[in-house]
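Colleague: I would like to learn how to read a few local features and the pockets in a model like this one. Can we take them one at a time?

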Amino acid sequence: MVAVAILAAGKGTRMKSSLPKVLHSVGGKTMVERVLEGLSGINPEHQFIIFGFGKDQVQNALSHRPNLTFVEQAEQLGTGHAVQQVIPHLEGFEGDLLVLNGDLPLLRPSTIENLVKTHQEKGNAATLLTAQLPDPTGYGRVFCNDQNIVTEIVEHRDCTPAQRQNPRINAGAYCFNWQALMQVLPHLKADNDQKEYYLTDVVKDLNPVMAFNVEDYQEILGINNRKQLAEAYAILQDRIKDQWMAAGVTLIDPISTTIDTTVHIEPDVIIEPQTHLRGDTTIGTGSRIGPGSLIEDSQIGANVTVAFSVISDSVIQDGARVGPYAHLRGHAVVGENCRIGNFVELKKATLGDRTNVAHLSYLGDATLGTQVNVGAGTITANYDGYKKHPTIIGDRTKTGSNSVLVAPITIGSDVTVGAGSVITKDVPDDCLVVARAPQKSVPGWRPRHLREEKKE
Ligand code: UD1
Ligand code: CA
C-alpha cells in the first residue's frame with residue numbers, strides 16, 4: 001500500500017510571481033498536474049496535496065482530478081513541516097509514503113514506479129531518488145557509503161566548500177516506510193541556515209536509507225525560477241518531438257516548433273517551421289501545418305493544409321486549405337475541401353463542404369451550406385452594438401465582392417448577391433439580389449470649376 005504526498009504549499013519566492021509556483025505551466029500543463037501524472041504506474045491508496053500559499057488557486061486548478069485530499073500547511077515552515085501535516089490523516093496506516101516535491105514536473109512514471117519497487121523489495125526505511133548533476137548548484141547533496149546507504153543530506157546553503165564538490169543530489173522524491181517515518185518526523189528541528197524544518201533531516205535517524213540513482217538526470221530538474229522553468233520546457237519539448245518523429249511525423253525544423261504534450265498527431269503529417277500546436281489539438285494524417293501557424297484546442301482532419309494562420313477552438317475537416325493569414329476562432333467549423341484564404345476571419349461560423357471564402361472576409365455567427373462562394377470582401381454585420389445575430393446562407397449561393405450581410409438574415413440556396421450590396425432583408429432561393437444605388441451616367445457633365453470658366 002502506498003500513500004502519496006505532493007508538496008505544493010510553498011510560494012516559490014524565486015519565481016517572483018503572484019501565482020503559486022506549482023501552478024506555473026510547462027508545455028500546457030501545470031507543474032503539479034505533471035507530478036500527478038507521474039503517478040500513473042503506482043495506483044496509490046491516498047493522494048495528499050499539501051497546499052498553503054494561494055490555496056484556492058491550487059484547489060481550483062486541480063478540481064477536475066478525482067481522489068485528491070487537500071491538506072493545509074497554513075505556515076510554510078519547510079518540507080519536513082509540510083509532511084508533518086499528513087500525520088493525522090494516516091493514523092494506523094501500514095504502508096509506504098511516497099513524497100514528491102511539487103516542482104518536479106519531468107519525472108517519468110517509470111522512474112517513480114522503480115523507486116517504489118526498489119524501496120519495497122529492499123525493505124528500506126527510506127529510499128530516495130538521487131542524480132549526479134554536471135552542475136549541482138542549489139540542490140541538497142546526498143552523502144552515501146559505498147553500499148549506497150545514505151548517511152546525510154546537506155542543503156547547498158548549509159554545505160562546506162568541500163561538501164559542495166559532491167555532484168550527487170537529492171531529487172526531492174522519497175519513499176518512506178510510514179511507521180518508521182512516524183518515529184522521527186515529529187522530532188525535526190529547524191537547525192539550519194533557513195530556520196526551516198527540513199524533510200531531508202529524517203535520513204540521519206532512519207535505517208537503512210538507500211539512494212536510488214535516476215538514469216536520465218534531466219528528469220529531476222526542480223523548478224525554482226523562471227530560467228529553470230524554461231529549461232524544463234526545452235527538455236519536455238525534446239521528449240515530445242522525439243516521440244512524434246519516431247511515430248512518423250515530419251518536423252522540418254524542430255527547433256522553431258513547439259508542441260504541447262496534450263497534442264495528438266497522426267503519421268505522415270508535416271509540420272513546417274515556426275509552428276506551435278497547443279492544448280487539446282489533433283492533426284490528421286497527410287496534413288501540412290505551417291509555416292508560421294498557431295493551432296490551439298482544434299481538430300484538424302486529414303490532408304488539410306494550413307499556412308501562416310491562427311486557429312483556435314475550431315474544427316477543420318479533411319482536405320480543407322487554410323491561409324495564408326486566416327484567423328479561425330470561437331468554434332469555427334470548416335467542411336471538407338473548403339478553401340479559407342487570405343485575411344479571412346471566421347468566428348463561430350459553420351461551413352458546408354466545398355465552400356470557399358477566399359479573400360478578405362469576416363464571417364461571424366454564420367451557417368453556410370455546401371459549395372457556397374463567398375466573394376472577396378464579404379462581411380457579416382453580426383453585431384448591432386448590443387447583441388450578436390445569425391446569418392444563414394444556403395447551398396451554392398455566391399456573394400459578390402464587398403457585400404455586407406446585415407444580420408439577422410437568411411439568404412436562400414442558389415442565390416447570387418450583386419457586388420457591393422448591403423443585404424438587410426431575407427432572400428428567397430434561386431434569385432439574383434442587388435441592393436445598392438443604381439449606376440447613373442450623366443452625359444456632358446463637367447466639374448463646377450470647368451463650368452464656371454465656360455461662362456466667363
Ligand atoms: C528541496 C530539498 C533539496 C533538494 C531539492 C530538489 C529540502 C529541505 N530540500 O530543496 O534537498 O535537492 O528540493 O529540487 O527538502 N514546500 C511546501 N512547504 C514548505 C516548503 C516547501 O509545501 O514549507 C514545497 C514547495 O512548494 C516545493 C517543494 O516543497 O514544491 C520543495 O520546496 P523548495 O523550496 O523548492 O525546496 P528546495 O530548496 O528546492
Ligand atoms: Ca525546489
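Colleague: Where does Pro208 lie?

Modeller: This is a predicted model. In it, Pro208 lies in the loop between helix H6 (178-184) and strand S11 (209-213).

Colleague: What is the peptide bond from Asn207 to Pro208, cis or trans?

Modeller: Most peptide bonds are trans. The bond from Asn207 to Pro208 is cis, and its omega is near -10 degrees. A second case is the bond from Ala407 to Pro408, which is cis with omega near 0 degrees. Pro408 is also in a loop, between strand S35 (404-406) and strand S36 (409-411).

Colleague: What about phi of Asn148, positive or negative?

Modeller: Most residues other than glycine have a negative phi. Asn148 is not a glycine, yet its phi is positive, near 70 degrees. Asn148 sits in the loop between strand S8 (141-144) and S9.

Colleague: Now the pockets. What is the volume of the largest pocket, and which residues lie nearest its centre?

Modeller: Start with the volume, then ask what lines the space. The largest pocket has about 1400 Å³. Its lining has 48 residues, and those nearest the centre are Arg14, Lys21, Asn101, Asp103 and Asn224. The elements that each supply two or more lining residues are S1, H3, S10 and helix H7 (226-246). By class, the lining of the largest pocket holds 17 nonpolar, 21 polar and 10 charged residues.

Colleague: Where does ligand 1 sit?

Modeller: Ligand 1 is in the largest pocket. Strand S1 (2-8), helix H3 (79-84) and strand S10 (168-177) are the elements giving two or more residues to the shell around ligand 1. S10 gives the most to that shell, with three residues.

Colleague: Which residues come nearest to ligand 1, and how does the shell divide by class?

Modeller: There are 24 residues around ligand 1, and Gln73, Gly78, Thr79, Glu155 and Asn170 come nearest. The shell divides into nine nonpolar, 11 polar and four charged residues.

Colleague: Which polar atoms lie by the oxygen atoms of ligand 1?

Modeller: With Leu77 it is a polar backbone atom, 3.4 Å from an oxygen atom of ligand 1. Gly102 also presents a polar backbone atom, 3.2 Å from an oxygen atom of the ligand. In Asn224 the atom is a polar side-chain one, 3.3 Å from an oxygen atom of ligand 1.

Colleague: How much of ligand 1 does the protein bury?

Modeller: Compare the ligand taken alone with the ligand in place. Alone, ligand 1 exposes 760 Å², and the protein buries 91% of that.

Note on methods. Residues are numbered from 1 along each chain as its sequence is written. Chains are lettered from A and ligands numbered from 1 in the order in which they are written. This is a predicted model: local features need pLDDT of at least 70, side-chain atom pairs count only at pLDDT 80 or more; totals for chains, interfaces and linings use all residues. Side-chain values use heavy atoms; hydrogens and water are left out. A residue is near a molecule or strand if one of its heavy atoms lies within 4 Å of it. A polar contact is a pair of N or O atoms within 3.5 Å; within protein, one must be able to donate a hydrogen and the other to accept it, and residues adjacent in sequence count only if both atoms are side-chain atoms. Accessible areas come from the Shrake-Rupley method with a 1.4 Å probe; for residues, only the protein chains shown count as cover. On a 1 Å grid over the protein atoms alone, a cavity is a set of points where a 1.4 Å probe fits but cannot get out, and a pocket is an open set with protein on both sides within 12 Å along at least five of seven lines; lining residues have an atom within 4 Å of a point. A molecule sits in a cavity or pocket if more than half of its atoms lie within 2 Å of its grid points. Helices (H or I, at least four residues) and strands (E, at least two) are DSSP runs, numbered from the N terminus. Ala, Val, Leu, Ile, Met, Phe, Trp, Tyr, Cys and Pro count as nonpolar, Asp, Glu, Lys and Arg as charged, and the others, Gly among them, as polar. Grid points are joined across faces, edges and corners, and a volume is the space filled by probe spheres set on the points.
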